[in-house]
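Open the model in your viewer and keep the selection panel at hand. The stops below say what to select next and what is there.

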Amino acid sequence: MAMRRAEFLSLLTEGLNKVFFQQYKEQELVYPKIFDVQKSRKRKETLHTVAGLGMLEEKAEGVGINYEDIVDGWEKDITHTSYGKGMRITRELIDDELYGVMAKRTQALARAARYTIEYYHARMFNNPTVTTYHSGGDGLSLLNASHTLAAVPGSTWSNTAGAVDLTWGAVETALIAFRNMVDDNNMLISMEPKT
């Protein structure tokens, strides 16, 4: 049902000092600073990994080298989700409303869209140990003590130390753990946290 004049009589009458609607300043969007946002024209996108090679091995002079195959890794499908919302307002309410509230209706819709985008991106960090909303290529949660290594069957690595209070010591421990991240061959990778 459309919003009608009968529901907004105060906005049709002169004499209001101020009408508060969408009065707050919007915060800068956070998600583009954390996520690699890309455009897509497909229903779903597929991510695929291929593990590299492990360390070179020492060999004696004149002896042949050992060979290693590159290992196929994991595949992750990302199916796009649509979101939407609208509002209906009678032409008479738009024409007769005196305080500009109905003229700002698109601002309200834009704010709802911004909030929705930030909410769903933040949900990954607010629930990093569950797979309800997201999972990595190995099917495990973002923070998990048993991430699998594609090139070293049966091996796992951890990117969590459990729940801890946010202290300088906890941040320092996290930075050390971040620098100890490994690739699918269990070799250290050069990672520097930014956010």
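A polar contact here is a pair of N or O atoms within 3.5 Å; within protein, one must be able to donate a hydrogen and the other to accept it, and residues adjacent in sequence count only if both atoms are side-chain atoms. This is a predicted model, in which local features need pLDDT of at least 70 and side-chain atom pairs count only at pLDDT 80 or more, while totals for chains, interfaces and linings use all residues. Residues are numbered from 1 along each chain as its sequence is written, and side-chain values use heavy atoms, with hydrogens and water left out.

**Stop 1: His147**

Select His147, which is placed in strand 3. Helices (H or I, at least four residues) and strands (E, at least two) are DSSP runs, numbered from the N terminus. His147 has a relative accessible area of 6% and is therefore buried; buried means under 20% relative accessible area, exposed over 50%, and partly exposed in between (1.4 Å probe, protein chains only).

Now show the polar contacts of the His147 side chain. It reaches the backbone oxygen of Ser141 at 3.4 Å. A polar atom of the His147 side chain also lies 3.3 Å from the backbone oxygen of Leu142.

Next, display the contacts of His147 (heavy atoms within 4.5 Å). Leaving out residues up to four places away in sequence, His147 touches Asp138, Leu140, Ser141, Leu142, Ser155, Thr156, Trp157 and Asn159. For Asn159, draw a C-alpha to C-alpha distance from His147: the value is 8.0 Å, for 12 residues along the chain.

**Stop 2**

Move to Leu142, in the loop between helix 3 (105-126) and strand 3 (147-148). Its relative accessibility is 31%, so Leu142 counts as partly exposed.

**Stop 2: the nonpolar core**

Which residues make up the largest nonpolar core? Select Leu11, Ile89, Leu93, Val101 and Met102, the 5 residues of that core. A nonpolar core is a set of buried Ala, Val, Leu, Ile, Met, Phe, Trp, Tyr and Cys residues joined through side-chain atoms within 4.5 Å. In soluble globular proteins, nonpolar side chains tend to be buried together.

Focus on Leu11. Beyond residues up to four places away in sequence, Leu11 touches Leu16, Val19, Asp96, Glu97, Leu98, Tyr99, Val101 and Met102.

**Stop 4**

Asp96 forms a salt bridge with Arg5, and the closest N and O atoms are 2.7 Å apart. Asp96 lies in helix 2 (residues 91-96) and Arg5 in the segment before helix 1 (31-34), so this pair ties together parts 91 residues apart in sequence. Both partners are partly exposed: Asp96 at 32% relative accessible area, Arg5 at 35%.

A salt bridge is a side-chain nitrogen of Lys or Arg within 4 Å of a carboxyl oxygen of Asp or Glu. The structure holds 9 salt bridges.

Select Glu192 and Arg179 for another, with the closest N and O atoms 3.5 Å apart. Glu192 lies in the segment after helix 4 (168-179) and Arg179 in helix 4, so the pair ties together parts 13 residues apart in sequence. Glu192 is exposed at 54% relative accessibility, whereas Arg179 is partly exposed at 41%. Then select Glu26, Arg111 and Arg114, which salt bridges with shared partners join into one network.

**Stop 3: Thr49**

Go to Thr49 in strand 1 (residues 44-51). Is Thr49 buried or exposed? At 19% relative accessibility, Thr49 counts as buried. Its side chain reaches the backbone nitrogen of Trp74 at 2.9 Å. Contacts of Thr49, without residues up to four places away in sequence, are Asp72, Gly73 and Trp74.

**Stop 4: Ser158**

Finish at Ser158, in the loop between strand 4 (156-157) and helix 4. Ser158 is partly exposed, with a relative accessible area of 38%. The Ser158 side chain reaches the backbone oxygen of Thr160 at 3.0 Å.
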